[in-house]
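Please read the following report alongside the sequence and the coordinates.

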Amino acid sequence: MNKQLLLGAEAIAQAALDAGISGVYAYPGTPSTEITEYIQRSIQPEEAPVRSAWSTNEKTAYEAALGMSYAGKRSLVCMKHVGLNVAADPFMNSSITGVLGGLVVVVADDPSMHSSQNEQDSRVYGKFAMIPILEPASQQETYDMVRYAFDLSEEMELPVLLRIPTRLSHSRAVVSRKEAVTQNSLQPSTEKGKWILLPANARRNYQKLLEKQPEMVKISESSHFNRITEGDGERAVIAFGIAYNYVMEVIETYKLHIPVLKIGQYPLPEKKIKVFTEKNSDILIAEEGYPVQEELFKSYFGNGKFRGRLDGSLPRTGELSPGLLEKALQVETDDKKSIPQIVASRPPMLCKGCSHRDLFDAINRVMADYPQKHLFGDIGCYTLGALPPYSCISTCVDMGASITMAKGAADAGIRPAVCVIGDSTFTHSGMTGLLDAVNDRSPLTVIISDNGTTAMTGGQDSAGTGRFFDICKGLGVEEAHIRLIVPLKKNLEENAGILKEEFDYNGVSVIIAQRECIQTKKVKSKKAEH
Amino acid sequence: MQRNIIIAGVGGQGILTIASIIDLAAMNLGLNVKQAEVHGMSQRGGAVESHLRISSEEIWSDLIPLGKADLILSIEPMESLRYLPFLAPEGIIVTATEPYDNISDYPDRSELLHTIRHSGSHLLVDAGTIAREAGSAKVYNVVMLGAASPYLGMAQEEIEKAIEAFFSHKGDEIVSMNLKAFRLGRDNRTK
């Protein structure tokens with residue numbers, strides 16, 4: 001079927017398959033997970049193989065995608081916005097090497113932090129790396145942009161960044177596909193200097209990257225992703241990415257005749273923007289995320305012509321909505337209902353029967369006896385241990401930080417220094433921190449809450465399943481202090497005893513708390529029924 | 001033709017199934033669809049909603065503007081009120097009456113129903129009883145789809161066709177149980 005109802009994330013996946021990718025590389029992260037899952041579901045055994053298994057983290061994913069590009073084939077690498085922090089090293093340097101096979105980097109931003117620790121705007125990264133950025137407004141445009149991005153990547157010999165917000169990634173609409181192309185053949189790069197970033201080569205490559213910039217601007221000037229809807233009057237809007245939808249919703253509803261410049265491709269089309277801004281005296285800058293362009297325009301022109309997130313026309317933080325644009329365009333009506341006071345908030349919580357629950361019960365039992373109660377936490381379902389009834393987690397910062405922060409706290413004198421980390425997070429970014437602790441003989445207890453899956457994002461494979469004992473032993477943790485427990489109510493006393501012994505041990509200990517995620521268990525038993 | 005529908009509930013209650021069936025019916029009629037969903041952390045027992053927009057014209061925003069929802073279809077009574085700012089003056093709330101009480105400060109039930117009754121047009125549905133009559137508590141959400149079906153702007157047959165298509169891979173028995181749930185929900189509009 002040529003027309004399909006697809007999530008924005010799925011439109012990316014379908015477009016990448018139709019663009020002839022030979023591989024997708026990713027670590028799960030909301031709101032980007034569905035891209036890779038769609039590809040994993042779609043692969044047909046009779047078709048050319050597309051490599052799609054989960055990577056251990058975003059950095060390994062990015063580097064593998066770059067390797068595939070070196071081999072002359074097309075590859076897709078996807079992550080959530082904070083994942084790009086993990087992959088920032090290869091990302092920044094891949095703009096210096098450049099690419100051979102098309103390499104498209106999809107970064108899913110999460111304005112309003114629905115499932116994230118911050119709302120960083122990936123367009124800043126794209127500009128930092130000086131590569132082309134695409135920012136779609138609709139699911140169809142998402143599909144079209146990914147198809148175009150692979151061609152552009154090969155033409156410019158640069159990675160291309162596609163930035164998508166949660167709202168588009170997790171919203172469905174009908175998408176028309178275009179004719180698929182076949183995969184590139186294996187034709188590895190023979191340009192040696194290009195890929196070896198010794199200073200002499202890197203300087204030359206960096207110069208080349210700078211020389212490509214005017215060409216990139218020229219392409220943006222004529223890009224149909226950057227276009228003007230005519231209107232009249234002094235007022236105008238420059239709308240970036242998904243903000244365009246909200247602007248158009250308000251313009252059509254209230255029959256406003258305001259000119260709109262829609263931007264979907266960067267670097268900015270300078271001439272187009274100059275002509276547009278000279279014609280209008282009151283310009284609203286509508287962008288999802290940080291006021292990246294607004295800041296730029298204000299400092300360029302140094303006048304009050306531009307309104308947006310910086311002057312309060314739109315809120316400084318959080319995702320945009322039609323209501324916020326109504327207000328910014330001064331058509332808001334005030335007859336809206338409010339939420340009745342009787343409505344209580346309903347935050348997410350650990351599932352009934354979840355292994356983390358029994359683990360937290362055991363930890364709280366043991367911690368009760370210590371004057372200092374500090375449990376360093378990490379990223380995953382078990383972060384919910386910060387909320388009642390457990391309220392036992394002291395920190396949640398970034399992937400793997402539980403171990404290294406607990407190490408630093410132990411160095412500072414906190415006793416016991418205890419952290420809890422999920423199995424998938426441990427292999428993502430925890431192992432190197434554990435090695436630091438072993439080498440430094442820090443008095444530290446690492447609890448790996450191993451439910452055999454990447455649960456928070458919906459149950460993807462976890463990289464170290466079945467090998468945690470061996471991994472910890474290999475990193476140098478003494479065998480006698482790698483303890484296995486099964487977090488179940490009936491084991492509470494026994495588990496608390498083991499935890500206490502290791503909390504009191506003056507060295508590095510690891511407790512592997514192992515019980516399958518009840519959600520993946522349910523899915524498995526359902527599959528077994530059919 | 002244009003319909004803006006908020007589907008509300010608690011993570012795990014099956015609101016995406018309802019959305020998928022309506023999507024399917026709308027697509028079969030050649031209408032445009034946009035459907036924003038909640039994935040991620042909130043799916044773990046938190047409040048979730050889907051913004052579903054159907055139109056014969058182009059749909060711009062993935063989110064329904066405040067005050068523009070024709071229907072709030074809620075699988076849980078308190079959740080129906082969380083999205084009240086979206087309801088149009090002439091819009092209606094169709095909600096199940098059985099609380100999903102997984103929080104410590106869940107409001108008093110009669111006060112809750114009283115508030116819903118004073119929040120505009122409404123239809124309260126004892127979906128649990130109807131679902132059991134249809135054959136399984138699992139079809140709770142399809143009962144609610146049936147109760148809301150007169151407000152979807154599409155013919156009943158089109159929605160029934162979509163139900164058949166949606167559940168067909170699960171076998172005839174599941175299809176007929178869901179059709180029964182849909183019809184009982186639609187006909188049981190007494191409260």
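Predicted model: local features only at pLDDT ≥ 70, side-chain atom pairs only at ≥ 80, totals over all residues.

## Salt bridges

Side chains of opposite charge can pair when their charged atoms come close. One such pair joins A:Arg123 to A:Asp121, with an N to O distance of 2.8 Å, and both of these residues are buried. A:Arg123 and A:Asp121 also belong to a network of salt bridges that links them with A:Asp109, A:Glu135, A:Arg163 and A:Glu287.

Another salt bridge, at 2.6 Å from N to O, brings together the side chains of A:Arg167 and A:Glu319. This pair connects distant parts of the chain, since A:Arg167 lies in helix α8 (residues 166-169) of chain A while A:Glu319 sits 152 residues away in the loop between β13 (306-307) and α14 (322-328); A:Arg167 and A:Glu319 are both buried. For A:Lys500 and A:Asp504, the closest N and O atoms of the salt bridge are 2.9 Å apart. Here A:Lys500 counts as partly exposed because its relative accessibility is 32%, and A:Asp504, at 46%, likewise counts as partly exposed.

## A positive surface patch

## An enclosed helix

Helix α11 of chain A (residues 243-253) has 11 residues, and because nine of them are buried, the helix is largely enclosed by the rest of the structure. The buried residues are A:Ala243, A:Tyr244, A:Asn245, A:Tyr246, A:Val247, A:Met248, A:Glu249, A:Val250 and A:Ile251. After α11(A) comes A:Lys255, which has a positive phi near 50°.

A:Ser462 belongs to the loop between β16 (444-450) and α18 (468-474) of chain A, and its relative accessibility of 10% falls under the 20% limit, so A:Ser462 counts as buried. When residues up to four places away in sequence are set aside, A:Ser462 touches A:Asp423, A:Ser424, A:Gly452, A:Thr453 and A:Thr454.

In chain B, B:Ala8 is part of strand β1 (residues 2-10) and counts as buried because its relative accessibility is 0%. Beyond its neighbours within four places in sequence, B:Ala8 is in contact with B:Ile15, B:Val48, B:Glu49, B:Leu73, B:Ser74, B:Ile75, B:Glu79 and B:Tyr83. B:Ala8 and B:Arg82, although 74 residues apart in sequence, have a C-alpha to C-alpha distance of 8.6 Å.

Conventions: Residues numbered from 1 in each chain as written. Chains lettered and ligands numbered in written order. Heavy atoms only, no water. Helix = DSSP H or I, 4+ residues; strand = E, 2+ residues; numbered from the N terminus. Buried < 20%, exposed > 50% of the residue type's maximum accessible area, 1.4 Å probe, protein only. Contact = heavy atoms within 4.5 Å. Salt bridge = Lys/Arg side-chain N within 4 Å of Asp/Glu carboxyl O.
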